[in-house]
Amino acid sequence: MAPSEEDLHALRAQARRLPESDGKDAALEQILRHAEAGDHRMLAFATRMDLIDAYSAGMQPSKLFVPFARCLADYDRNPAEYPEWAGRRLRWFFKFAVQGMVNFPEVSKDRALAALDQMERRYKSEGQSPHAVYAHRHRVALHLGDPTAAEDWYQRWCTSPYDHNSDCAGCDPSQKVAYLAGIGRDDEAIEVATPVLAGELTCREQPQTILSELMLPYLRTGQWEQARNAHRRAYRILRTRPQDLSAMAQHLEFCALSGNQARGLEILERHLSWLDRAPNPLAAMRFAGSAALLLRTVAEAGHADTMIRRPAHADRPATELTAGVLFEEMRGHALAIAERFDRRNGTDRQTASVRELLDQKPVADQLPLSIPVRPGPVLDPPAVLEVPKLPVLELVERLESAQDAQALAAMGPLVRQLEDHDPGDPVLAGRIAALLSSHAANSGEDARSEALLRQAVELFTTARESERRTVAVSRLGAKLCGRGDLSEGLALLRAAYADLDRVASTNHRALVVLRLISGLGDAVGNGDDAVALDEIPVLLEQSREIAAASDDPVLIGDIAYEQMEFEDLRHRHEEALEAGARALAAYRVSGPPLMRALVASRMAEVHAGRGDYDAGLVLVEEALAEASPEIPAGARAHLHKLRGQLLRQVDRDAEAVGELLAALTLSDDPDEIPATKWALAEAYRKTGQLIDAADAAEEAIAGLEERGYLHAVNSCRFLLADLHRELREPEAALAVYDEIIEFHSGTDDHAALGYTLALAADLLDGLDRDAQAADYYRRAAEAAELADDPLRVSYTRYCAALSLHWSGATQDALDALETAEQALAALAATDPNPEVLQWHNARLDHNAARILRGAGRLDEAVAKSTTAAAHFRSIGQPVQAARVDLGHARTLVELQQPAEAIRLLDATLTEITDDETLRTALLEALAHARAHL
């Protein structure tokens, strides 16, 4: 059964809201076939107009000529038969037809010039400005290689009145920038673009197009920061738009001329497949030519053998080509297309333009494309001690003394003498294994450290060396607890503690007790040992008594440090800081620099937990000032990261950026790096470096995903989505929201799901993708109901109703309106803040007025407008009330009550004095009402 005309109108409304794609083209083509088969002549005309627009913005612009010719012929037979918008849109589409000559060598030159003449006659006869005509005459002259005519038309273009037929406020200057930059007038190009970039650009082609045009003018005039930002910001948008192949070519050219061959090769390899389905031959020529330029500079740098992956296409298999081979292919492809244009044009201009492109010389050795990473402080490496070859027993004793004193730097040269040493004696072998385990742990070789420690336990057990076995068992238990293996770890620690009487050394006795305290703390932190909180204070007191007998400042510091951790675990921050101060004082007397740094950083974290960020900064800065080569790079990285985080808390984000970058240069911890990049993204955002922030957030997400930290990934995605919105990358923001929505759809966190769906719906609403927005609002309401959030239910219900109205689904909108009213009644029953309730009542009534007006229920629309405006005024929102009054007045005119509309608008105008846009709309409505009076 063939669809009805009403069905086809609904399908057309849905298809028009699809993003540019083959799917949108196919949907409109199918609607056109049904409209033609059903003899729905006006619907077929409107659908052809939609197809012209879709083809021009998508991947099939060559298909626009047939529907354009048909629409033009149909309209010209009887213009009065068509709505006003048809003539306006056809004038606009003449630009697409003329541009076809520039883009497609298959379009004959005479036909294209005739279309340009016809465009000028039509504009003149209909009283339009010649601005758009002169712009296209300029482009054609430039394409044909007539510089005198191109400059003459350029001047006329610049001096003729701008009107609604002209390209938008971003695209029209973009073409001027392209021309000026192409003839070397870089300063003028930048001058033309500057006010454009300072304004608001809403066209789908902007700001990426004008920024791409500006990259080389910025580069050639030495404005490297602007060049860098233009490339990075524009590429972020272009990387998902294969229809912008010509603009992508500019980024390859920029990389070649700015010394960024590695970046250029990355872009080329990522987008080389786009060339297989270029939107038009001119774009293919430019992309291939720019690729050849890049590959030439790669070869000149001595890397002609660099391999580049090219994906399969049609009958061509996937392969890898050297830069040298691909250069020849790209060069030949660009010149072959240029020859087709020149044969059609009767000139050699396009071949010359490709050769000029290929012959360019780099402008810069290398323009950094990211903010330079600030390295951490350069520390002299620990002095390498010249240690004579020692007997094994003496060597072991020296190492054990160094280990007890935590003198890590002194151990390295000595340990190297122990490697592969087999003394035969199990006790000595066990001591060697224990020492090698410590060294492996200090070097980050955790698996080897554990294996050696288990070997030491076995050797001491075999030799019945009870004291050494007890110490080794406690070390192994602490290691296992530290990595989360609490069951075996705590069992070993308790077994070692039970054998404490077998340990004669005061130092070792205290360490056995401390390790048990540490393990119990790990258990409490993981909620695995309820009795630990009672045990730990007793053990701490016991360890203090042992330390007091030894009078060892390192041991006293270790015990105070454990006390600090325990008090912090119980959220007794004052006590934790007092214990930390004791530990720091003891380590300053005689203690390893690493422990001083560790205590200072932990005390800083406690201060931060209390909101005392300045005190935390003092401690971290003290630790960094004492940075020693004995402190491992990872520990110094943590200090820089912590300082960066604290600086962010006191609004010193510019300094925080430097600290976090320093942390990244020092850290090799796969857990720390993604978290540091996340913090860096936040700091970049606060300093206005949005592109750097987005890059850092994307890298943080990738690292967190790799580590399996999925909840953290999801949290960081909110930051990335916000950055996409601030960078005016709505499609990218929507993609991130969809990832968050998918994550929460698999959890019970209905509140987060509803919140994210509402954010995505708001964004879709702003993009006028109304059917999709209505669906997201509906899903958000359903999630909010499950989360028992009546406020969000109300909001999303009345927003869904309005989006359905804008999408043309009138009855669905009316049904949704009833559901929204029920939701707001439920919200009122919860006794919310009165102003909040008034606001949502006002929003609901305003939406209802628009929906009812669209449904032809004008009297009801007037009633809703009246209550909506009253609600807005009751909470001090006169501008919102005025917007309601504007629709109210229009409805009154439709009801043949212009006098009432005039009275309403006169009163409203007295309230609105600052909002010129709104005042203009109100005055226009007032004039309209007076005309009907």
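How many cavities of 30 Å³ or more does the structure hold? The structure, a predicted model, holds one.

In this predicted model, local features need pLDDT of at least 70 and side-chain atom pairs count only at pLDDT 80 or more, while totals for chains, interfaces and linings use all residues. Residues are numbered from 1 along each chain as its sequence is written, and side-chain values use heavy atoms, with hydrogens and water left out.

**View 1. Packing of helix 3 against helix 5.** Helix 3 (residues 41-57) and helix 5 (residues 84-103) pack at an angle of about 30 degrees, and their axes lie 11 Å apart; the two helices are therefore roughly parallel to each other (angles under 35 degrees count as such). Axes are lines fitted to C-alpha atoms, for helices over the stretch in contact, with angles from 0 to 180 degrees between N-to-C directions, and helices are DSSP runs (H or I, at least four residues) numbered from the N terminus.

**View 2. Residues in the contact between helix 3 and helix 5.** Helix 3 contributes F45, A46, M49, I52, D53 and S56, and helix 5 contributes W85, A86, R89, L90, F93 and F96, where contact means heavy atoms within 4.5 Å.

**View 3. The largest cavity and its lining.** This cavity, a set of points on a 1 Å grid over the protein atoms alone where a 1.4 Å probe fits but cannot get out, contains about 80 Å³ of space, a volume being the space filled by probe spheres set on the points. Its lining residues, which have an atom within 4 Å of a point, include L584, R588, P593 and E622. Helix 28 gives the most to this lining, with four residues.

Conventions. Parallel < 35°, antiparallel > 145°, perpendicular 65-115°, else oblique. 1 Å grid on protein atoms, 1.4 Å probe; cavity = no way out; pocket = protein on both sides within 12 Å on 5 of 7 lines; lining within 4 Å.
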